[in-house]
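The exercises below are meant to be worked through with the sequence and the structure side by side. Please try each task before reading its solution.

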Amino acid sequence: MDHLIDDSDRLKPCPFCGGAAEMHQAHDPDGPNDQGYYVECGKCGASTNLRFSCGEDARPLLMEQWNRRTQDAEALKSERRAITFGDIVQQQVIAMRAAVVAGKLEGLDVGMQWIANTLCGPGHLPDLDEAKALGGAQALWDKETAEHEAFRAAHPAP
Ligand SMILES: [Zn+2]
């Protein structure tokens, strides 16, 4: 059983599963790994390589190595999210452009169908009776914009 060193307060969560990570020291008196340090996730077992203290303490370097891996994973996730949202916005713009072209060249109903199809897939078609009861398009827009602004105020961007 390897010795456990409590560095959990300074080690970031596992980049793969979010589990708590801990610093360990190999205890293997007859083996080549004896006294080597490593960081390991207590949940999925992801770990750093072994590092030995030769003159200087290997632990700060291991901690930095582990924490950098977590930061890299978070940055990658954040970039993927930004790309996904960018794709969604771009798809909406492309559909609206096609709707304008269809509306001008083939008639307003055909243009409107492009917009309806775009909203229908993800389940965003508005309920017409509800919108009518509210007072129409402007009233619906005002209500939904206010709701979104309230949501954003409650969940500010970091
Ligand atoms: Zn893990």
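**Exercise 1: a strand pair**

Task: in which sense do E2 and E3 pair, and over how many bridges?

Solution: E2 and E3 pair in the antiparallel sense, over five bridges; strands are DSSP runs of E of at least two residues, numbered from the N terminus, and two strands pair if DSSP finds at least two bridges between them. Within this pairing, Glu22 stands opposite Glu40 in E3.

The model is a predicted one, in which local features need pLDDT of at least 70 and side-chain atom pairs count only at pLDDT 80 or more, while totals for chains, interfaces and linings use all residues. Residues are numbered from 1 along each chain as its sequence is written.

**Exercise 2: the faces of E3**

Task: which residues of E3 are buried on one side, and which on the other?

Solution: Strand E3 spans residues 37–41, and five of its five residues are buried, where buried stands for 20 or more other C-beta atoms within 10 Å of the residue's own, with C-beta atoms placed from the backbone. One side carries Tyr37, Val39 and Cys41, and the other carries Tyr38 and Glu40.

**Exercise 3: a proline in a loop**

Task: why does Pro15 count as buried, and with which residues is Pro15 in contact beyond its neighbours within four places in sequence?

Solution: Begin with the place of Pro15, which is in the loop between strand E1 (3–5) and strand E2 (21–25). Pro15 counts as buried because 20 C-beta neighbours lie inside 10 Å. Beyond its neighbours within four places in sequence, Pro15 is in contact (C-beta atoms, placed from the backbone, within 7 Å) with Arg69, Thr70 and Ala73. Finally, Pro15 and Ala73 are 58 residues apart in sequence, yet 5.9 Å apart in space, C-alpha to C-alpha.

Conventions:
Helix = DSSP H or I, 4+ residues; strand = E, 2+ residues; numbered from the N terminus. Buried ≥ 20, exposed ≤ 12 C-beta atoms within 10 Å, placed from the backbone. Contact = placed C-beta atoms within 7 Å.
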